[in-house]
Amino acid sequence: LSIILIDKYSLKWADIIFCMKEIQKKYILENFPEAKTKRIFVLNIPDIYMMNDPRLLVILRKKLKKFL
């Protein structure tokens, strides 16, 4: 569960949007039409990790490396 909820203001601010799962991308596109102009990447990370889980952080660093 995300601590920060997505809204139209955060979408307007974002250049790139990262989602853990495809269903999250689908939700964003269905509920925020303005997101269709954004680059949205699905990281394909299963929802089995707690926030700040060291294993999750390793996966995120690896998958996001090319964007940082």
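**Close-up 1. K21, a partly exposed residue.** K21 has a relative accessible area of 31% and is therefore partly exposed (buried means under 20% relative accessible area, exposed over 50%, partly exposed in between, with a 1.4 Å probe and protein chains only). Please keep in mind that this is a predicted model, in which local features need pLDDT of at least 70 and side-chain atom pairs count only at pLDDT 80 or more, while totals for chains, interfaces and linings use all residues. Residues are numbered from 1 along each chain as its sequence is written, and side-chain values use heavy atoms, with hydrogens and water left out. You will find K21 in the loop between β1 (16-19) and α2 (22-31); helices (H or I, at least four residues) and strands (E, at least two) are DSSP runs, numbered from the N terminus. Leaving aside residues up to four places away in sequence, K21 touches V42, I45 and D47, where contact means heavy atoms within 4.5 Å. The C-alpha atoms of K21 and P46 are 7.1 Å apart, although 25 residues separate the two along the chain.

Close-up 2. Four bridges join β1 to strand β2 (residues 39-42) in the parallel sense; two strands pair if DSSP finds at least two bridges between them. Opposite F18 stands F41 in β2.

**Close-up 3. The edge-to-face pair of F18 and F67.** The structure holds four aromatic pairs (rings of Phe, Tyr and Trp, the last by its six-membered ring, pair if their centres lie within 6.5 Å; planes under 30 degrees apart count as stacked, over 60 as edge-to-face and the rest as tilted). One of them is F18 with F67, edge-to-face at 4.9 Å centre to centre and 75° between the planes. This pair links distant parts of the chain, with F18 in strand β1 and F67 in the segment after α3 (54-64), 49 residues apart. F18 is partly exposed at 33% relative accessibility, and F67 is partly exposed at 28%.

**Close-up 4. The tilted pair of F41 and F67.** The ring centres of F41 and F67 lie 4.8 Å apart with the planes at 55°, so this pair is tilted. Because F41 lies in strand β2 and F67 in the segment after α3, the pair ties together parts 26 residues apart in sequence. F41 is partly exposed, with a relative accessible area of 29%. Ring pairs link F18, F41 and F67 into a cluster.
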